[in-house]
Amino acid sequence: MSDLATARIVHVPFAGDGAGTEPLTWGQRAIWNAVLRTAPNDIYFNIGRLLPLGERGRVTDLPRLTTALAALLERHEALRTRLCGIEDGDPRQSLAASGTLPVTVVEEADPERTEATARALLNELTATRFDYGAEWPLRVGAVCHQGQVTHVALVLCHLAADGHAAEQVVRDLRLLVGRGSAGRAPRTTPLDLARDQHGPAGVRRSERALAHWEGFYRTMPPTMFPRQAAPPRTPRFWSGRLVSEALMKATDVLATAHRISGSTVLMTALAALVAAEGGHTAAAMMPIVANRASEDRRDLVAMLSQDAPFLLDTTGAERFTDLLPAAWRAAMAGYRAASYDPVAWEALRERIGRERGTPVHPYCCYNDQRFFVRPPDEGPPPDPAELRAARARTEFGFPATEDKLGCRYCVHVTEERGLLAVMLTADTAYLPPPRIRAHLWALEEMVVASACGEAPALTALPALLERGETAA
């Protein structure tokens, strides 16, 4: 069995075009503010990915990997960018033209344990907060068996990459290892983006987006979770996780029937449950948006994601599915307002809070982290019996806890083994663990029932949540 304590470090030199210093982009400023609110628990924002390199008989040795890593850092400026000015309270991004990247290398003698060793290495690399001013925003570990690299562990600092960018890094490294090239380089850079956002055109775009946010802040409930429900646990934040074939298939059925995205189906269902939880007639959520609609940003490794406003009025709707058309329109309008100056955004929220006489913040976010959302399966939809039977295979657990987080209800959507995985991290003072489980159970029940033609009435959602606390 390998021992991570005996790992060795290989230093990989790299160089790229350009160097310089610019203000933080809007996405970087937004995540930096979140880091400051969460520290010292900001390891929560570390992004870890595992890249298998030994599939289908492929062979990769360490020199080939280090050559690919050097090319990766040359290709993506964000990976050789650190912060400066932190001590002065005015952080800026500083791009280096060259440097050396440390790579942790672990030898695994047992070929059956290479993946387990790689996951242990990934966990170790992820478990330390980044030194934002001194450390490169990419940590790399490699697991080798008999001189061949079987897995690469990658950990990215959130200031350099969002979830989409992390998948881009994995894709490009796979191509650089396998082919020696990842194709055309991105058309723009984080420094270009910063110059644009802080220029006159960027200021105008931000002002248009914030005009939409102003309407959101003025009409939403001041917060979705206004009252504590229980003494907080220690650690205070718990994550419940549902992995469901039934939810995946039922979401596809509703997305196809209503001609909207599956992500909107899930967000609408969660918003309806949040409204029911707090007794509200409207639900305010902040979906995280990739901001990659333009061609020059689609393959850019950078922190581009920002919150968007999503306000769903439930009045006048009888059943859950009645909400979907309006939810789609609200989501599209919110996505167009998801790129803005976070400093002006915070000032706007505080001003409207003063004018309303109460702090205004949903404390409720939604993050669909899927890099690619596959289209629904062709052919006839699953019948109700098939969907109900699939629920028996649903898995649930509490895989993680956190001491500190700047939200009360935070949902992440991914896919695992081709199944839909939904993780809800909540403040246990506002949503105790049994209630976290109830929201995930009710999400699955609501979407599956609707796909079976039995959409629940909105008035029945409080009772549905009560059932979820004790449902097997």
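Begin by selecting His76, which lies in the loop between helix H2 (62-75) and strand S4 (81-84); helices are DSSP runs of H or I with at least four residues, strands are runs of E with at least two, and both are numbered from the N terminus. Before going further, note that this is a predicted model, in which local features need pLDDT of at least 70 and side-chain atom pairs count only at pLDDT 80 or more, while totals for chains, interfaces and linings use all residues. Residues are numbered from 1 along each chain as its sequence is written, and side-chain values use heavy atoms, with hydrogens and water left out.

**Around His76**

With His76 still selected, its relative accessible area is 2%, so His76 is buried, a word that here stands for under 20% relative accessible area, with exposed meaning over 50% and partly exposed in between (1.4 Å probe, protein chains only). Next, show Asp172, Pro186, Asp299 and Val301, with which His76 is in contact once its neighbours within four places in sequence are left aside; contact means heavy atoms within 4.5 Å.

**Over to Thr321**

Now select Thr321, in the loop between strand S12 (310-313) and helix H9 (324-335). Is this residue, Thr321, buried or exposed? Thr321 is buried, with a relative accessible area of 16%, and, not counting residues up to four places away in sequence, Thr321 touches Leu254, His258, Ser450 and Ala455.

**Along helix H12**

Select residues 433-451 to bring up helix H12, whose 19 residues reach 28 Å from the first C-alpha to the last, close to the 27 Å expected at 1.5 Å a residue, where the expected span is 1.5 Å times one less than the number of residues. H12 is mostly covered, since 17 of its 19 residues are buried. Just after H12, pick out Gly453, which takes a positive phi of about 80°.

**The whole chain**

Along its principal axes the C-alpha trace spans about 65 × 55 × 45 Å, and buried residues make up 54% of the 472 residues in the chain.
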